[in-house]
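I opened my notebook to look at one protein chain from start to finish. These are my entries, in the order I looked things up.

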Amino acid sequence: MTTSDMTKPNHSVSFFDIGDHVIRVEASYLTGKESVYVDDKLISAKLTWRFTSEHKFELEGKQIRLRLKVGNLFTGPVSITLWVNGEEIDSDVWNMKRILKTTGSSQNWWKTILTIFVLGLIGGVIGYFIGGALATALKG
């Protein structure tokens, strides 16, 4: 297995080799988007906020399963495990510190946390006023 830290900000990118093929798994901890590529061709993509997700496909007659599992939403780790024909072949583990310190990231970790907090605060305030307006309108 090869792992590259040269990735998009706030993403984990893992590489797995099966024969002459390279499987690349990209996962964003901010958006929940997961993408699986085989030889740079998109094979599977999901948008999920679950703590465990799987991508299944066939490659040269072999059943491939990639499992992404998040241990803790704030600290990680995020483990990416490769299964071939039901047998665990390889895995890669990312913690939040490693994801936030990828060399492709121009943001500092605190800017990311602050952005999430501010956007959540704005969403909460907007939801409060919309909910209040709806409650008043429905109350009669």
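What follows is what I looked up, entry by entry.

**Entry 1: ground rules**

I'm working with a predicted model, where local features need pLDDT of at least 70 and side-chain atom pairs count only at pLDDT 80 or more, while totals for chains, interfaces and linings use all residues. Residues are numbered from 1 along each chain as its sequence is written, and side-chain values use heavy atoms, with hydrogens and water left out.

**Entry 2: the whole chain**

I looked up the helices and strands and got two helices and nine strands. Both kinds are DSSP runs numbered from the N terminus: H or I with at least four residues for helices, E with at least two for strands. Along the sequence I read the pattern β-β-β-β-β-β-β-β-β-α-α.

Next I checked burial: 34% of the 140 residues count as buried. Buried means under 20% relative accessible area, exposed means over 50%, and partly exposed lies in between (1.4 Å probe, protein chains only). The chain exposes about 9,000 Å², and carbon and sulfur atoms supply 60% of that. Those areas come from the Shrake-Rupley method with a 1.4 Å probe, and for residues only the protein chains shown count as cover.

I also looked at contacts, meaning heavy atoms within 4.5 Å. Of the contacts with a separation of 6 or more, 29% are between residues 24 or more positions apart.

**Entry 3: the core**

Which residues touch the most other members of the largest nonpolar core? I found Phe16, Ile23, Val25, Phe57, Ile64, Leu66 and Leu82, out of 17 residues in that core. Strand 2 (11-18), strand 3 (21-28), strand 4 (33-38), strand 6 (52-59), strand 7 (62-70) and strand 8 (78-84) each supply at least two core residues. Strand 8 gives the largest share, four residues.

The term covers buried Ala, Val, Leu, Ile, Met, Phe, Trp, Tyr and Cys residues joined through side-chain atoms within 4.5 Å.

I then clicked on Leu82. Leaving out neighbours within four places in sequence, Leu82 is in contact with Phe16, Ile18, Ile23, Ile64, Arg65, Leu66, Glu87, Glu88, Ile89 and Asp90.

I traced an open sheet of four strands in the order 6-7-8-9, with antiparallel pairing. Two strands pair if DSSP finds at least two bridges between them. Strand 6 and strand 9 (87-94) are the edge strands, each pairing on one side only. Neighbouring strands here are turned by 15° against each other on average, direction ignored. The axes are lines fitted to C-alpha atoms (for helices over the stretch in contact), and angles run from 0 to 180 degrees between N-to-C directions.

Inside this sheet I followed strand 7 and strand 8, which run antiparallel and are joined by seven bridges. Leu68 stands opposite Ile80 in strand 8.

Then I moved to strand 2 and strand 3, an antiparallel pair joined by eight bridges. Val13 stands opposite Glu26 in strand 3. The two strands form a hairpin with two residues between them, and Gly19 in the turn has a positive phi of about 60°. Strand 2 is mostly covered, with six of its eight residues buried.

Tyr37 is in strand 4. Is Tyr37 buried or exposed? I noted that Tyr37 counts as buried because its relative accessible area is 17%. Not counting residues up to four places away in sequence, Tyr37 touches Val22, Ile23, Arg24, Glu26, Leu42 and Ile43. Tyr37 and Val22 are 15 residues apart in sequence and 8.0 Å apart in space, C-alpha to C-alpha.

Just a reminder to myself: most residues other than glycine have a negative phi. Asp39 has a positive phi near 50° without being a glycine, and Asp40 has a positive one of about 65°. Asp39 is partly exposed at 41% relative accessibility, and Asp40 is exposed at 63%.

**Entry 4: Ser53**

I ended on Ser53, in strand 6. Ser53 is buried, with a relative accessible area of 6%. The side chain of Ser53 makes a polar contact with the side chain of Glu34 at 2.6 Å. A polar contact is a pair of N or O atoms within 3.5 Å; within protein, one must be able to donate a hydrogen and the other to accept it, and residues adjacent in sequence count only if both atoms are side-chain atoms. Besides residues up to four places away in sequence, Ser53 touches Glu34, Thr48, Leu66, Arg67 and Leu68.
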